[in-house]
Amino acid sequence: MATSPSSFEPDTTFVATDTYEVGEQMSMWQDAWRRLRRNRLALVGMAIVTILILTAIISAFWTPYPVWIQSLGPTYQGPTAKHLFGLDDSGRDILSRLMGGAQVSMIVGVGTATLSSIIGIVLGLLAGFYRGWVDAVVSLLINIFYGLPDLLIVLLIVAVTQQRGLQNIILAISLTAWLGMARLVRGQTLSLREREFVEAARSVGTRDVHLLIRHIFPNALGPIIVQATFVIPAAILFEAFLSYLGFGVKPPTPSWGAMASEGYRSLQFAPHIILIPAAALCLTLMAFNFMGDGLRDALDPRMRR
Amino acid sequence: MTRGTLIYIGQRLLLITLTALIVSSIVFIGVHQLPGNAFLSERSPNPSAEQVLVHHYGLDRPWPVQYVSWLTGVLHGDLGESLVNRGVKITPLVLREARVSATLGFWAMVFTITLGMSLGILAAVKQNTLLDYVASFCAVIGYSMPSFVTATFLVLLTVTGFFAWSGGLVYENIGWGKPEQIPVPAISLGLLPSAIIFRLTRASMLEVIRQDYVRTAWAKGLRSRIVIIRHALRNALIPVITILGPITTGVITGSIVIEYIFGIPGLGKEFINSIANRDYNVVIGVFTFYAILVGIANLLVDLVYPILDPRIRY
Amino acid sequence: MTGIRFKSLVVTVAAAFVAMACGGNNTTGTGGAELAADQTLTIPIQDDVQTLDPGHVQSGVDITFTTEMFAGLYGLDNSNKIINMIATGQPDVSSDGKTYTFHMRKDAKFWNGDPIKSSDVLYSWNRAAALNDAYATVFQPVVGFDDTSNGKTKAMSGLSATDDYTVKATLTDAAGYWMSELAIWTAAVVSQKAITAAGEDVWWTKPDTAVGAGPFKMTERTAKASMAFQPVANWWGGSTGALKNIKVEIGVDQASAVKKYEAGGYDLVGMANNGPGPDDILRYKADPTKQKEENIYPAARTTWVNFGFTGSSPFAPKAGITPGQPTAGLSADDGKSGRNAFSLSIDRAALVDVACSKGATCTAATGGLIAKGLKGYVGDGKDPNAVFNASTAKADYTKWDPSGSKIASLKYRYNASAGNTKIAQNLQSQWKANLGINIDLAPSDFPTLIADRNAKKTPLARGSWGADYDHPQDWFDNLWTCDAAKVGHGGTEGYCNPAMDKTLATANAESIDKAIPSYQQAGQTLIDDNVDAVLFYGTQTYFTHTYVQGAGFNSLYDFNWQGIKILKH
């Protein structure tokens, strides 16, 4: 996706080194974890993400007040003892809606990352491995959609299908997010297929599918994980944009973007309505970005000692 | 301009045309399959009046015929007529609004590149100092803030803040048309991309500077430092130029939301409004325009490469 | 030394501040009746006009400008009373009420100097009928309207010109409401010369060819950007008032409009159906210094929850009624408890508080479907269905739908806008809290909603009507007759009461004063049958600087530009 920082890294950054072998996998992960632990920012990021996931799970079962109930008190009321984050413009409890919004953000983030990764990985593997016309088609697809503003495409899909709801949003965003992953995996596959271990496996008669899944894919796993981690905040950001513009999830399902949109108009006399979801959004995005940075540094083979 | 370059340009233009065609036809078809139309009103609908309008816009023809006629129009530069505001031709509308969006986008890019690159170079040269840490941290915050959040803070700061501090004398006039109305939306739009440019410039500069021969020359003294910076810059800028393409796309995308917030009469706002009003002719027209615009922007960026790196040739 | 320098700097700067604050914008204009030198009125509107062609105009925004640019035989003054424009007086009406003879002024002219004759009136009225757009029904009473509106004839046979300044109209039946209809813009006179020369679609878009007979003319227009109007010199109708220029900025959203208004960029916000947003309205209401700039006018618009009476709607009196068949006077009404439940479970006070800026942008409806202040209003508190009673509502609901199957696929349909979304969400929340049921919201754009409503496919939807003229016929004939209940017509409930139709037909023929009791009785019938859950009556809010005088809203339309003046400020 155009605004994801990781997709700007040139493909060559992640070329596996010569000493890379399948057997070293265990120690690579251990080594990566050690390095990650030393990165304080990444740890903070992971902590915040954990809190977020917990909140999302809890909110599925309990919130201080139901997220949809209105007129709990005077509309636009600021934080009080009964309502820690105050009430919004319809008199709904902001804390409860914040928790519900966490659920939406997590579902969209993880869902998009999963779906777009699957599409991108499959297409990237096929294009990089078989080359020829498969690669030509996939590359053409990538080039066409690469040059288009993704917000426009997503807006169009959402507006044209006129369907609201999480599945459609995840689908719409994934349709633009798979590009980065496909490009990455394609580049990885293209270089990995020339390695000796692939030649060796082939000479023994290993089937293509087995090669792809058991040999090539695991060796590209590091960069794939990093890329997927960066898709999550991009997807959350996207959903916030959509909700802000009014094309997001169906009300009264809370979404941080929708809450920010509703709060913008009362900025001058009830700033808490927009500031709180905006802060939550920024914190979440920052946490994922720190985490992704940490993961990238930890998994970067060139930094291994 | 070598023959190779011309061929390359030709291929890219072909790709742009293909993209625009494919994408706009998908939109066209998708939109025309939808039920209902933009012509009904709250009062007792007059089927015959509606028929007149349908006929006027040619919506009663089978859609392949409509598509061909639309395509012919596009080749002549005619994007059609608005469904909602009758009599309004889309091409002059789009061009006028594109100028507004282009102005906003231009200043946002100026801000992005200036801030992002200069800070990136500084942070790389002064790696691991306080400046580096602060700048890097701010950068992460920068690309974690959706543009509408940035816009909110800026508006809060300028409209409410300045207004209160100066006792009503300084006032951020939200809108468009005067030069003083450009900075706030441009900064809101350009902040997130500038954080990305910052990080990439810094990383890229670091890679070049870290090489041994540079370190040696560096240790030798101030004068050569400046020479080294200039030399390193050229190579360091290449990856940055790479993403200027997607950055431009991102700015174009982001301008949609920014125009919406600040009420700027540009292409993004038009797009949102026309979707909301079901003015599908305008939607298709704006989208086609965007596809072509982004394609050309990316092409221009790619043409800058050979200037920086003579090894690259088409 | 630096100390003295610094001090003098501070003093100078402070003096400058003081000077700036004391001079310049002094909005506490106590300048009496002294007019400002620059009589320019600048206003914002959010979306561009759809059309300014009187034969096509239907939206509130367009109406404001069209009524200033064009004039017909009659018009409306600021209190919605019918006044003579091109006509010299009331028409001669035959004793059976079917023949009208209009006498015209001899000095009426278009702004380009062309004189206006009876042939122009005939051309304009026949054109409007032939265009058959939303308001062509203004000429429905005239003999020959059906053929002209269907395209079979070019002119209505009931319309003729006895001489250059006399127009005769023959109606199929007596119609006491026809004069009200002639006073609105659809009956305005347009220039055949200008239209034929410039083209049907284009003539109104350019200042040179938008030829009308009204007190003002368009002097500038950039689509989706701006418009400007100026008074017509030596207007045949008399004085055009104090204003010399009206500037309209297009594409300004509500929040930005208010910000610019506060900076002095706009003289008022609210004209042409483009009022300030609910949050700003709230802010002004709470601020004692700003309250005097806020004017809240009642608007002749009612909003309700539409119940479907036909087909498979669970609210129908019996299943499977075809739209256009009677829904009243049946042996039983199986849907009544359901309609009661949905109506009684809404606390309108809470709704108005949440969705209407604490009651600033609407008032709770207690007196039936026709808005308060209009003829035919049933009376305050006369609607027992509008009273909040959660326990009765729940009991009614359990009686009506014990298993919950009736509402399984029910969705609340509405057209998406900031205000409507808030209302919809509040309704959803109240039905959930008070009835324990979950009703999904299904927003769509306006045309889709209208299409589905008119096709009688919406058992539960938002309904709303804004009066076009102060006559109950405008409401009943469009919304609640058996004819309106047919598929494709605007009676979105599908309610059909043949007995009530008979009463209405008689009332339509009578003069308004005699007819009011019949209309009120019909209104009471609608309440008794609980045809809709009436929610609230609208308001129109203006923010007006204190130096602007004469602007306002009379519940149907904006005050005329001729009465507006800008005081010295």
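**Surface patch, chain A.** I looked for nonpolar patches on the surface and noted one made of A:Ile53, A:Leu54, A:Ile57, A:Ile58, A:Phe61 and A:Trp62, with about 670 Å² of accessible area together. Patch members have over 30% relative accessible area and no salt bridge, and nonpolar side chains (Val, Leu, Ile, Met, Phe, Trp, Tyr) are joined within 5 Å. A salt bridge here is a side-chain nitrogen of Lys or Arg within 4 Å of a carboxyl oxygen of Asp or Glu. Accessible areas come from the Shrake-Rupley method with a 1.4 Å probe, and for residues only the protein chains shown count as cover.

I then checked A:Ile58, which is found in helix H2 (residues 40-61) of chain A. A:Ile58 is partly exposed at a relative accessible area of 42%; buried means under 20%, exposed over 50%, and partly exposed in between (1.4 Å probe, protein chains only).

**Source notes.** The model is predicted: local features need pLDDT of at least 70, side-chain atom pairs count only at pLDDT 80 or more, and totals for chains, interfaces and linings use all residues. Residues are numbered from 1 along each chain as its sequence is written, chains are lettered from A and ligands numbered from 1 in the order in which they are written, and side-chain values use heavy atoms, with hydrogens and water left out.

**Chain A overall.** I read off eleven helices and zero strands. Helices (H or I, at least four residues) and strands (E, at least two) are DSSP runs numbered from the N terminus. Of the 305 residues of chain A, 57% are buried. Chain A exposes about 12,600 Å², with 65% supplied by carbon and sulfur atoms. For contacts in chain A with a separation of 6 or more, residues 24 or more positions apart account for 74%; contact means heavy atoms within 4.5 Å.

**Sheet, chain C.** I traced an open sheet of four strands, in the order S1-S10-S9-S8, with mixed pairing. Strands S1 (40-45) and S8 (216-222) of chain C are at the edges with a single partner strand each, so one side of each has no neighbour in the sheet. Two strands pair if DSSP finds at least two bridges between them. Strands S9 (residues 226-231) and S10 (residues 245-250) of chain C pair in the antiparallel sense over four bridges. I looked up C:Ala228 and found C:Lys247 as its bridge partner in S10(C).

**Helix H10, chain C.** I counted six of the eight residues of helix H10 (residues 348-355) of chain C as buried, among them C:Leu351 and C:Val352. The buried residues pack against helix H9 (336-344), strand S13 (362-364), helix H12 (418-435) and strand S17 (532-544) of chain C.

Conventions
Patch = residues over 30% accessible without salt bridge, like charges linked within 9 Å, V, L, I, M, F, W, Y side chains within 5 Å.
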